[in-house]
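I opened the notebook with the sequence and the coordinates side by side. My plan was to look up a few things and write down each one.

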Amino acid sequence: MNIDKTKQAVTDLLIAIGEDPNREGLVETPTRVAKAYAEILGSDLPDVESYFKTFEYEGNGVVMQSDIEFYSLCEHHMLPFFGKVHIAYLPNNKVIGLSKLSRIVEYYAKNLQLQERLTEQIASSLMTHLECRGVIVVIEAKHLCMSMRGVRQGNAITKSVVSKGIYAEDQNLRVELLSQLTN
């Protein structure tokens with residue numbers, strides 16, 4: 001990310017919306033916004049592969065983690081959307097540390113994003129790097145582009161679900177696991 005170009009773009013935006021970028025409250029705004037975007041868009045994150053340190057596992061139980069918080073920016077309006085991610089996967093002889101699930105979510109959320117793509121990226125990454133037997137990812141989010149503009153539906157929750165592997169193939173397993181994961 002180019003901090004100087006971002007600062008200039010914010011200065012230009014302030015002028016375009018009728019503000020004076022030299023006004024006391026706005027003098028440092030371009031720098032603050034540039035730093036915020038660098039953090040929000042994950043310019044300092046390592047490659048996602050670094051989160052997939054695995055451990056041997058010989059059981060056949062499902063691994064579930066619910067209510068992983070995330071924040072992202074919608075690519076259409078560059079406004080925040082945020083909420084919770086629920087993940088379940090059926091290991092195939094290996095698991096990853098539980099904190100890594102949160103890091104994987106954060107990795108993909110720190111982009112200009114679509115909720116549907118975010119859900120798919122998390123599920124695909126787990127299937128590919130863990131080589132698990134199945135995975136389900138559910139995201140529940142509020143989108144400020146719907147809350148503070150447009151239709152102004154502040155209480156609307158958007159849900160997206162991606163199932164892969166055995167959970168995509170077996171509807172009964174998928175329904176059972178979704179019930180456990182989101183309750």
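In what sense of crossing, left-handed or right-handed, does H3 pass H4? I looked, and H3 passes H4 in a right-handed crossing. I note here that I am reading a predicted model.

**Entry: H3 and H4.** I read off an angle of about 135° between H3 and H4, with their axes 10 Å apart. Angles over 145 degrees would count as roughly antiparallel and 65 to 115 as roughly perpendicular. H3 and H4 are therefore oblique to each other. I then listed the contact. On the H3 side I found Leu101, Ile104, Val105, Tyr108 and Ala109. H4 brings Leu118, Gln121, Ile122, Ser125 and Leu126. I sorted these by class: eight nonpolar, two polar and no charged residues.

**Entry: H1 and H2.** H1 covers residues 3-16 and H2 covers residues 29-40. I get a packing angle of about 125° for this pair, and their axes lie 8 Å apart. That angle makes H1 oblique to H2. The crossing of H1 past H2 is right-handed. Which residues of H1 meet H2? I wrote down Ile3, Thr6, Lys7, Val10, Thr11 and Leu14. Their partners in H2 are Thr29, Pro30, Thr31, Val33, Ala34 and Ala38. By class, I have seven nonpolar, four polar and one charged residues in the contact of H1 with H2.

**Entry: the cores.** I looked up how the nonpolar residues group. The largest nonpolar core has 30 residues. The ones with the most contacts inside this core are Phe70, Val85, Ile87, Tyr89, Ile122 and Leu126. Six elements are on my list as each supplying at least two residues of the core: E2 (63-74), E3 (80-90), E4 (94-96), H3 (98-109), H4 (115-130) and E6 (134-143). I also noted another core, apart from the largest one, with seven residues. Among them are Ala88, Ile136, Val138 and Leu181.

**Entry: Tyr89.** I picked Tyr89 and asked what it touches beyond its neighbours within four places in sequence. I found Val62 and Val63, then Lys94, Val95 and Ile96, among its contacts. Leu101, Leu130, Cys132, Gly134 and Val135 are also in contact with Tyr89.

**Entry: two positive phi values.** Most residues other than glycine have a negative phi. I went looking for exceptions and noted two residues. Asn93 is not a glycine, yet its phi is positive, at about 75°. I placed Asn93 in the loop between E3 and E4. Its relative accessible area is 45%, so I logged Asn93 as partly exposed. Glu131 also has a positive phi, near 50°. Glu131 sits in the loop between H4 and E6. I logged Glu131 as partly exposed too, at 48% relative accessibility.

**Entry: the whole chain.** I finished with the overall view. I count seven helices and seven strands in the protein chain. From the N terminus, I read the order as α-α-β-β-β-β-α-β-α-β-α-β-α-α. The C-alpha atoms fill a box of roughly 65 × 35 × 20 Å along the principal axes. How much of the protein chain is buried? Of its 183 residues, 36% are buried. I also checked contacts with a separation of 6 or more, and 68% of them join residues 24 or more positions apart.

Methods:
Residues numbered from 1 in each chain as written. Predicted model: local features only at pLDDT ≥ 70, side-chain atom pairs only at ≥ 80, totals over all residues. Heavy atoms only, no water. Axes fitted to C-alpha atoms, helices over the stretch in contact; angles between N-to-C directions. Helix = DSSP H or I, 4+ residues; strand = E, 2+ residues; numbered from the N terminus. Parallel < 35°, antiparallel > 145°, perpendicular 65-115°, else oblique. Left-handed = near helix turned anticlockwise from the far one by under 90°. Contact = heavy atoms within 4.5 Å. Nonpolar A, V, L, I, M, F, W, Y, C, P; charged D, E, K, R; others polar. Core = buried A, V, L, I, M, F, W, Y, C linked by side-chain atoms within 4.5 Å. Buried < 20%, exposed > 50% of the residue type's maximum accessible area, 1.4 Å probe, protein only.
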